Amino acid sequence: MNAVEVERLRVVRGGKVVLHDLSCGVASGSVTGLLGPSGSGKSTLIRAIVGVQRVAGGGVRVLGSPAGAKQLRARVGYMTQTPSVYGDLTVRENLRFFASVLGASRDRVEEAIAEVSLLEDADRVVARLSGGQRARVSLAAALLGAPELLVLDEPTVGLDPVLRRDLWRLFHELAEQGATLIVSSHVMDEADRCTALLLIREGQLLAQGTPAELRARTGAEQLDDAFLRLIETRS
Amino acid sequence: MSLRVTLAVAARVLAQLRRDPRTIALIVGVPCLLEALLKELFRGGPVFQHAGPPLLGLFPFVTMFLVTSITMLRERTSGTLERLMTMPLAKLDLLAGYGLAFALVAVVQAAVVSLLSFGLLGLHVEGARIVVVALAVANAVLGSALGLFVSAFAQTEFQAVQFMPAMVFPQILLCGLFVDREAMATWLRWISDALPLTYAYDALARTATGTYGSRFVVDVCVVGGCILVALALGAATLRRRTA
Ligand SMILES: Nc1ncnc2c1ncn2[C@@H]1O[C@H](COP(=O)(O)OP(=O)(O)OP(=O)(O)O)[C@@H](O)[C@H]1O
Ligand SMILES: [Mg+2]
């Protein structure tokens with residue numbers, strides 16, 4: 001069963017075709033890595049999945065409904081690439097606000113703060129946090145509603161190895177509890193932490209499969225090399 | 001629409017404002033200063049008595065127009081609007097939350113400026129003072145609603161600020177405060193007829209002279225209608241899907 005089904009999706013941004021009739025699927029319960037170089041269309045695809053991207057053709061189905069449908073809004077959690085939280089509020093104030101919008105409890109706010117390891121900074125104003133801390137506030141806001149599908153745009157950028165490991169552990173825990181995760185990244189060393197991969201380049205799907213499948217198909221030991229080989233065989 | 005979400009939005013906007021005491025001081029202090037200046041300039045005479053009440057009632061319009069358009073623009077550029085649009089939040093919740101928050105700020109602003117003007121400065125109105133305050137709040141909501149709408153057409157905060165003179169100054173010039181509407185060229189009066197601030201001014205002027213009449217009811221209805229139209233226009237500019 002696929003949690004997300006992308007069918008010949010075509011997106012035009014600023015007069016340029018950014019996604020070229022892209023089709024792919026994301027399995028339920030997977031931690032799917034969305035990888036590709038900068039500008040390849042990762043954020044655009046993510047925006048289409050959460051239903052905020054205007055599309056020129058094709059479609060996206062999410063948990064059985066068209067992307068962006070009203071009934072999906074409580075079931076999908078979204079973390080934008082640039083932290084989308086209020087700089088002039090504290091961590092806790094930010095999360096309490098988003099929790100009221102989602103109808104989540106105060107306890108859930110505290111849990112989410114703990115999940116992103118921000119308990120000590122919970123009463124600090126977000127504008128005075130570091131970039132990585134701010135990104136974690138934004139991530140916590142996406143976790144609040146205990147969504148069935150979590151769509152995270154580069155959630156681990158700028159974080160140290162310990163935090164990164166903790167977050168990936170959290171992602172897998174959430175998947176074990178039944179959630180589906182889509183995590184974008186342009187660092188290949190994160191690919192190995194995913195149970196499935198979508199590689200995109202210039203708005204086209206280069207390959208999809210598990211890390212092991214991609215290794216086997218390309219004969220490369222490192223996923224970096226696998227990615228490069230896929231590009232070479234294409235062109 | 002959900003009351004919980006509307007109130008959450010209003011509480012959040014107010015919490016953001018509370019973090020910015022200088023802005024609050026300016027919102028309340030500047031109109032006080034201007035009323036005092038007006039009084040000193042005209043030595044408390046008829047010009048002050050004529051222009052004082054409209055100034056009191058129209059000031060919240062200008063302030064809330066600016067504050068709302070900038071706050072909303074920030075919401076658009078910071079990505080928080082994009083996040084909210086993926087959440088179970090009706091556009092009307094967002095608009096009503098903003099309107100409610102800034103109406104509350106306007107209550108405080110109008111109350112303080114009224115206390116100063118009617119108390120210390122000796123401003124006098126024939127009608128009820130509370131009507132002046134109520135009209136001030138209605139004008140604040142109108143300003144907020146228009147601010148929300150124009151924020152959609154500004155890409156930067158510089159642009160948003162420039163919308164203020166463009167949208168507000170012509171209305172203040174043509175509302176009848178500076179030149180009697182009867183004395184205006186016909187085409188100018190037609191324009192004046194089409195601008196919401198004309199009715200807001202007329203209601204305030206009628207309160208000042210205590211000659212409400214049926215025209216006052218018309219004025220209030222027009223201002224109320226304009227608020228609804230501006231909110232509808234604002235809602236139309238809030239898009240869940242963007243390019
Ligand atoms: N708001 C926009 N208006 C017009 N074009 C845009 C806009 N945002 C992105 N693009 C274009 O769309 C293409 C894909 O951008 P996108 O943000 O999806 O890439 P990405 O893979 O997420 O990159 P990165 O890893 O740097 O975040 C790029 O060519 C970019 O220039
Ligand atoms: Mg991106």
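## Basis of the model

The model is predicted: local features need pLDDT of at least 70, side-chain atom pairs count only at pLDDT 80 or more, and totals for chains, interfaces and linings use all residues. Residues are numbered from 1 along each chain as its sequence is written, chains are lettered from A and ligands numbered from 1 in the order in which they are written, and side-chain values use heavy atoms, with hydrogens and water left out.

## Shell around ligand 1

Helices (H or I, at least four residues) and strands (E, at least two) are DSSP runs numbered from the N terminus.

A polar side-chain atom of A:R13 lies 3.4 Å from a nitrogen atom of ligand 1. Taken alone, ligand 1 exposes 630 Å², and the protein buries 66% of that (accessible areas by the Shrake-Rupley method with a 1.4 Å probe; for residues, only the protein chains shown count as cover).

## Interface of chains A and B

In chain A, 32 residues are in contact (heavy atoms within 4.5 Å) with 26 residues of chain B. The area buried between the two chains is about 2700 Å², with 53% from carbon and sulfur atoms; buried area is the accessible area (1.4 Å probe) that two parts lose on being put together, summed over both. A:R73, A:Y86 and A:V101 supply 24% of the area that chain A buries against chain B, more than any other three residues.

The rule finds three salt bridges across the interface, each a side-chain nitrogen of Lys or Arg within 4 Å of a carboxyl oxygen of Asp or Glu. A:R47 forms a salt bridge with B:E82, with the closest N and O atoms 2.6 Å apart. On the side of chain A that touches chain B, α1 (42–50), α2 (91–102) and α4 (131–143) of chain A each supply at least two residues. The largest share, six residues, comes from α2(A). By class, that side has 17 nonpolar, nine polar and six charged residues.

## B:I172

B:I172 is found in helix α7 (residues 157–174) of chain B. Leaving aside its neighbours within four places in sequence, B:I172 is in contact with B:V62, B:F178 and B:L197. B:L197 is 25 residues from B:I172 in sequence and 7.0 Å away in space, C-alpha to C-alpha.

Conventions
Nonpolar A, V, L, I, M, F, W, Y, C, P; charged D, E, K, R; others polar. Polar contact = N/O pair within 3.5 Å; in protein donor to acceptor, adjacent residues only side chain to side chain.
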